Amino acid sequence: MASQTQVPAPVPSTVPAAVPRARRSGRLNVLATLRRDRIGMLGAVLVVVITVTAVLAPWIAPFDPLAMSSGNRLVGPSSTFLLGSDEAGRDLLSRALYGARTSLTVSLTVVTLAGLIGVALGLVSGYYRGILDGVTMRFMDILFAFPTLLLALAVVSTLGPEVRNLVLALVVVFVPSFARVTRGAALAVGAEPYVEAARSVGVSNFRIITRYVLPNVMAPIAVQFTISLANAILVEASLGYLGLGVPPPTPSWGAMLASGKAFIELSMWPSVVPGLFIMLTVLGFNLLGDALRDSLDPRLRARI
């Protein structure tokens, strides 16, 4: 009896469409989980409010942040100066709003550059492994051995207190964090069956990294990006407090804290106002980062 050849049934045309639908469903689940997290939503609101006020500072600031008034030095909150004035009679609210522009611009630039460099290093190191991985990660370990602020101080002190040097110093500080987070995620994704299958059919390494590995490591990178923004704001303010941040007369939260320290016994507002802005901004990014971590991790999402 002749054997009958079994012809494979054709794959239904609806299967490929199921992948985008699954991805959309996953994103909707993440957004729904994020909306249920009240603390995370508080962080998101703080971040949005600070960002919007920084962008709109030229239009909503009541005074020129550099305008001085000798007759209104170190006054408390009033109908004229809503948050008081500093030792030169400059409006603290206006300076704090413009200081937000400075801090957010520097921090966003730093974290974006550090993220691009660190993610690239982490992807290459985690995918290829071997000697390249060992050399790259040992260099990252050397940078990690230095305290964050001390390393930034060393770079800025060597190159000089300029905005370009400040950005360079902070990029050097934050690259290792992105590299290690990305490498760990890339190691896990690189061992998945679909990556091995792509290798076996001759897909190029560049295509595997960009098409299969990178999209699947974006969740920890997004969390790291948010938390790094909070840390960058703190380090930038610390350098400004030490006189190594954005040079005057550009308003900066750290420089405002430093100048207000000398007059703390006469008026607390020059120190309280920038300190409050720093606290709320860092708190907002940290809360948002924690909420993103919980919503993007399936194991933690089930507990919310």
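View 1. Leu74 is placed in the loop between α3, which covers residues 57-60, and α4. Although Leu74 is not a glycine, its phi is positive, at about 55°.

**View 2. The packing of α4 with α7.** Helix α4, made of residues 92-128, packs with helix α7, made of residues 163-190, at an angle of about 40°, and the two axes lie 6 Å apart. The crossing in which α4 passes α7 is right-handed.

View 3. Val163 belongs to helix α7, and its relative accessibility of 38% is the reason why Val163 counts as partly exposed. When neighbours within four places in sequence are left aside, Val163 is in contact with Val246 and Pro247. Between the C-alpha atoms of Val163 and Val106 the distance in space is 8.3 Å, while the two residues are 57 residues apart in sequence.

**View 4. The cis peptide bond at Pro248 and Pro249.** Pro248 and Pro249 are joined by a cis peptide bond, for which omega is about 10°. Pro249 is located in the loop between α10, which runs over 218-241, and α11, which runs over 253-261.

**View 5. Val213 and the largest nonpolar core.** The largest nonpolar core holds 64 residues, and the members that touch the most others are Leu170, Phe174, Val213, Trp253 and Phe277. For Val213, once neighbours within four places in sequence are set aside, the residues in contact are Leu123, Tyr127, Ala186, Val189 and Ile208.

**View 6. The protein chain as a whole.** The protein chain contains 13 helices and 0 strands, and of its 304 residues 41% are buried. Among the contacts in the chain that join residues at least 6 apart in sequence, 71% are between residues at least 24 apart.

**View 7. Confidence along the predicted chain.** The mean pLDDT of the protein chain is 82, and 86% of its residues reach a value of 70 or more. Confidence is highest in α4, at a mean of 93, and lowest in helix α13, which covers residues 298-301, at a mean of 48. Over residues 1-23 the pLDDT falls below 50, and this stretch has 1 contact in the model beyond near neighbours in sequence. The pLDDT is likewise below 50 over residues 299-304, a stretch for which the model has 10 contacts beyond near neighbours in sequence.

Notes:
Residues numbered from 1 in each chain as written. Predicted model: local features only at pLDDT ≥ 70, side-chain atom pairs only at ≥ 80, totals over all residues. Heavy atoms only, no water. Axes fitted to C-alpha atoms, helices over the stretch in contact; angles between N-to-C directions. Helix = DSSP H or I, 4+ residues; strand = E, 2+ residues; numbered from the N terminus. Left-handed = near helix turned anticlockwise from the far one by under 90°. Core = buried A, V, L, I, M, F, W, Y, C linked by side-chain atoms within 4.5 Å. Buried < 20%, exposed > 50% of the residue type's maximum accessible area, 1.4 Å probe, protein only. Contact = heavy atoms within 4.5 Å. pLDDT = per-residue confidence, 0-100.
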